[in-house]
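Please open the structure in a viewer and keep the selection tool at hand.

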Amino acid sequence: PHFVFFDQWKCFLVGYCVGVFILVLMHGLKAWGFSLETTVISIMAGSTAVSAIGLVGIIVRGLFGPRR
């Protein structure tokens, strides 16, 4: 039962990272005239890192649990 929650978070994080990767790649290649401001790219990269760190925190808390 605990792994169902992890699987949902993992799917969200992977989907989010793929979406950010595609946007950054399109921006870098200037595909179809696509362009983002530097601030937007920075915010997307930072939020991806925060999501990944949060997921690691959830995993570690689930593995080791509260102290008894």
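Buried means under 20% relative accessible area, exposed means over 50%, and partly exposed lies in between (1.4 Å probe, protein chains only). This is a predicted model, in which local features need pLDDT of at least 70 and side-chain atom pairs count only at pLDDT 80 or more, while totals for chains, interfaces and linings use all residues. Residues are numbered from 1 along each chain as its sequence is written, and side-chain values use heavy atoms, with hydrogens and water left out.

Now display the surface. The protein chain exposes about 5,600 Å², and carbon and sulfur atoms supply 74% of this area (Shrake-Rupley method, 1.4 Å probe; for residues, only the protein chains shown count as cover).

The chain contains two helices and zero strands; both kinds of element are DSSP runs numbered from the N terminus, helices being H or I with at least four residues and strands E with at least two.

Select Phe 12 and Tyr 16 in helix α1 (residues 2–29); they are four residues apart and thus separated by about one helical turn. Their rings form a stacked aromatic pair, with 6.0 Å centre to centre and 25 degrees between the planes. Rings of Phe, Tyr and Trp (its six-membered ring) pair if their centres lie within 6.5 Å; planes under 30 degrees apart count as stacked, over 60 as edge-to-face and the rest as tilted. Phe 12 is partly exposed at 43% relative accessibility, and Tyr 16 is partly exposed at 27%.

Select Cys 11 and Cys 17. Cys 11 is exposed, with a relative accessible area of 55%, whereas Cys 17 is partly exposed at 29%. The structure holds zero disulfides (a disulfide is a pair of cysteine sulfur atoms within 2.5 Å).

Move to the loop between α1 and α2, where Lys 30 is found. Its phi is near 55 degrees, a positive value in a residue other than glycine. Most residues other than glycine have a negative phi. Trp 32 lies in the loop between α1 and α2, also has a phi near 55 degrees, and is exposed at 79% relative accessible area.

Finally, select helix α2 (residues 38–64). Which residues of α2 are buried? They are Ile 41, Met 44, Thr 48, Ser 51 and Leu 55. Just after α2, Gly 65 takes a positive phi of about 60 degrees.
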